[in-house]
Each structure stands twice: as structure tokens, then as C-alpha cells.
Amino acid sequence: MIKYQRQGFIIFAPMVRLQRYSLLLFFFSSAIFVAQTMDSLVHSFVNTRALSGAKISLLAIDLSNADTLCAYNPNMTTATASTTKLFSTSMALEVLGPNYRFETGFYTDGQIDHGVLKGDLWIKGGGDVSFGSKYFNGEGKEFDAMDAWIDTLRQLGISKIDGNIYLDASSFGYEGTPSGWSAWDAGNYFGAFPAGLNFYDNIVKYYFETGKPGSKARLITTSPYQPHLQLTTKIISSNIKGDQSNLQGRAYDEHRIATGKLPAYKSSYVVKGTVVYPEFNFAEVLKSRLILDSFKVSGGVKACGGLNVPDYDCLFRLFSYHGRSVQEIAGWTNRKSVNLFAEGLLNGVGYHLTGSGTNAQGLKIYKQFFGTRIDTTSLRLFDGSGLSRNNRISASHFCDLLNYMTTSPMRNEFFETLPVAGKNGTISDLCKGSSGEGRVFAKSGTMTGIKSYAGYIQTVNGKTLAFALIVNGFSCSQATVKQHMEVLLNALSRQ
């Protein structure tokens, strides 16, 4: 049987042969009892009134012998939300490797003369989603790497640029949000999309002033400044305590609509949304850091938008900056369910292999990669994060993937990215105080009408299971679905 440890996989082969008939009969009877117990639990789960009318796909297998412990519609495909990230993170670890770091290159067509770069500086982004990210930089530290760029220029003997700084984020293309993303998701902070150049998780802070209840909130400013933003504000001041607003919009569309409610009588209330154009956002931040650091650029900082991109082989390479490793990014992707990181890994694989980091190219690589490793019948993937409601994945697809990853050279690295039930990540409150605590290692998925879990279980009897639980189209609360799922997970942990 296979037993997972946080520092790696240890594989045990059965060594003890049962020699006494009575002992064999005992184990045989126990197995029948366990099967009957799981069957009854599954029957109760799928027939509970709270899940009436919902689509359910579930499967749990013993990885030591491929025995099915429980199943219900295992091949039925549905949208699964963030458990989709298991596909993008596993592929990135295998294709790029855990130590791969996304690169940002600095090029020039000029010469350095007495501390002045006479010519233009080109910054070519390679899709580093970790740059200035809050997951790697504490509050106020998100500018450190950008300031380090300016220090590096000075170390190279450049104290002024007599020309322009051009920002090139074309490596990930300009397709916009993936198919199946709603404007409600894409405009909010969790719907940030990756580009060739990214900063602070591509989040913009909207500052609203609210008045008496019933009055319309007023946008004061944004940080960073968004020069192309066209915001229609419909937010109403209300007698509430928290944020009940929503920002709607899509990638590379300057129009945004703000709806919902915010607490009344606030002079400056912050709501987080996504940037409109990552390149322009990056330009605004870089401009402010150059001014703060007294570094002069005669021409200015300009986003090229993919137009007139030079042949970088004909330019002089000044230096390169490398972001955080794939292992670190994948860890945050699965433990905290960071959508931007998942999409960045998907696009990054496409860029690394083909020179094109678009969503379309990433999806082509998806199909080729998994098509040779698991049964992809009926599998449909439209993004790397699971925000797309067009995705179609079954419990069997997840278990095939999880089973495959036990044979992968990246099995330990992949396992390390998974949250632990009752301990950390997005499942820190799952099975808390129950038998599943510390034994379920899984990714969760949550959207309106969708709840899913997929991962591994280390049972009390030393078995390792691969499982997936997917419920789609329910009308009860997320908490209610979770409670019913915990019953199954705890039961599986006791096998």
C-alpha cells in the first residue's frame, strides 16, 4: 500500500500472509461490513432532502489495490470550482519543475554615457504573478522588488534615462478573461487575471465615500490610479456593518459597474477589485517609484500594448529578474485558492513551451498533457482556476489525476501543496475535531451552487485513498452541504 508523508511518499508492499482461516474470515467479514457501512452512508448522502435535485458525483478508491470504497455517478461531469486547480498545479510542477522561476528581462537599444542611458529601456514581462504579491510581501513591502530594479540600474552605472521605458506584457497575450467567467467574478479581487507583467495580484483599491442611508456612494480615488477606468457607481449607503458591494467588469474592458451596499457615513471605505489593463497599472506604479527614488526618465513610462514590440535578440540585455518558484506559487494556489496564480501557471506552461502564454495556448497544452496520462473522456477545461462555469470534470477524472500523481516524479512536491483538514489552508475548518482532521489532504471548491473536495486521505488503518466529492446545483446553504460531506470524509478516514 502507499502511505503519504508531508515530506514524501513511502511505499510499502504487503509482506504478511494470513495463514489461519479464522483470521481470513474475520477480515473478509470486516470488509463486507465496511462496504455496507459506506454504501449506507452514500445512500443517505445522495438522498438527503437538503440535496434534493442536486447533481452529485463521488468516488473514493484505495490506492494500494485500486478497490472502490464508494461511488455515485463517478463519471458524471459538472463544474467543480476551485478543485480545478489540481490540474493546473500538477501540470505546472511536471512541465516547468518546482524550481522554475518566471523571468522579467531588461533590454536597451542605447548606450551608457557618463551615467546616462541614451536610448530606450524595454522591460519584457514573462508572466511573473508573484511580483509584488501580498502572498510573498508583507504590507508596504510590495514595492521592494521594483525598488530593487532601480537600484540595479544604478549599480550598472545608470542614474538617468534619456529616452523612454517601455513595458511589454505581450507574453500572455490580451485575450481577456477565460470562457465561462462571469463579469461578477472578473471584476472582483478574486477574479484578477494574469498578464505578462503583474503587480500586487493585479488588484486595485477603490475608495468610496458614503453618506446617509439610501444615498449613493461616491468614488474618491483608486490606488493605483487607473487612467482608463470608466466606473458607473450604483452603490448605496446603508445601515450595515460590512462590505456588501460588487464590482463587475471584464479583462481589458475599461467599463466597470459598482453595485450593492456599503456602510453609511464612511469618509473612505476600501473595496478591492481587478485592474483594467495590467500594463497601464504597472506603468502607474513604476512611475511613482521612479519619482520617489529621484530617478529621471526624460521620455516617460509607456505601456506598449503588444504594438511595435522589438526583436529582443537585436537589443542589449542589461539584466534579468526572477520571481518566486513554481513550487511556492503552486503552494499558495492550492492552500489559499489563488485564482490569479492558477491562471498564471496555466499560461506560463504555454509560454514556456511555445512562446505564447495565452489562455487558448494553455488549454491546448492541457489537452495534450493530460490526454497521455489519464482518461480524458468528457473532460472539459476552460481555465486553470475553476472560475469558469463551462468546466466539466467528474469524480473519476480527479481520482485518475490523483492516482497518476502518485507515480509522478513531482508526487512529493504536489502533495506538499495540499491543505490539511482542520489544520491549514481553505480546509482549516473541515472535519475539525473529527477523525478526518489531519488525515484529509485536499483542495476545496466553492461557488454559488457548487461545493467540491478532491485529494487524498490517510486512514487510521494506514491506507491511502484518493477521493472526490462534487455537489452541483443545490439550493441549501454551503454550510449544510459541507456538514453532509464531512460525514463521508470522516467515515473514509476510519477505513
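This is a predicted model: local features need pLDDT of at least 70, side-chain atom pairs count only at pLDDT 80 or more; totals for chains, interfaces and linings use all residues.
Residues are numbered from 1 along each chain as its sequence is written, and side-chain values use heavy atoms, with hydrogens and water left out.

Let me begin with the rings. A pair of aromatic rings is described by the distance of the centres and the angle of the planes. Here, rings of Phe, Tyr and Trp (its six-membered ring) pair if their centres lie within 6.5 Å, and planes under 30 degrees apart count as stacked, over 60 as edge-to-face and the rest as tilted. By this rule there are 30 aromatic pairs. One of them joins phenylalanine 106 and phenylalanine 319, which are stacked at 4.0 Å centre to centre with 15 degrees between the planes. Phenylalanine 106 lies in strand β5 (residues 101-108) and phenylalanine 319 in strand β20 (residues 316-325), so this pair ties together parts that are 213 residues apart in sequence. Helices (H or I, at least four residues) and strands (E, at least two) are DSSP runs, numbered from the N terminus.

Are these two phenylalanines buried or exposed? Both phenylalanine 106 and phenylalanine 319 are buried, where buried means under 20% relative accessible area, exposed over 50%, and partly exposed in between (1.4 Å probe, protein chains only).

The rings of phenylalanine 131 and tryptophan 149 have their centres 4.7 Å apart and their planes at 25 degrees, so that pair is stacked too. Phenylalanine 131 lies in the loop between β8 (121-124) and α3 (144-155), and tryptophan 149 in helix α3, so the pair ties together parts that are 18 residues apart in sequence. One aromatic cluster takes in, among others, Phe106, Phe131, Trp149 and Phe319.

Turning to helix α3, its buried residues are Ala145, Met146, Asp147, Trp149, Ile150 and Leu153. Just after α3, glycine 157 takes a positive phi of about 90 degrees.

Finally, the sheet. Four strands form an open sheet in the order β6-β7-β9-β18, with mixed pairing, and two strands pair if DSSP finds at least two bridges between them. The edge strands, β6 (111-113) and β18 (296-297), each pair on one side only. Strand β7 (residues 116-118) and strand β9 (residues 160-162) run parallel and are joined by three bridges, and leucine 117 stands opposite isoleucine 161 in β9.
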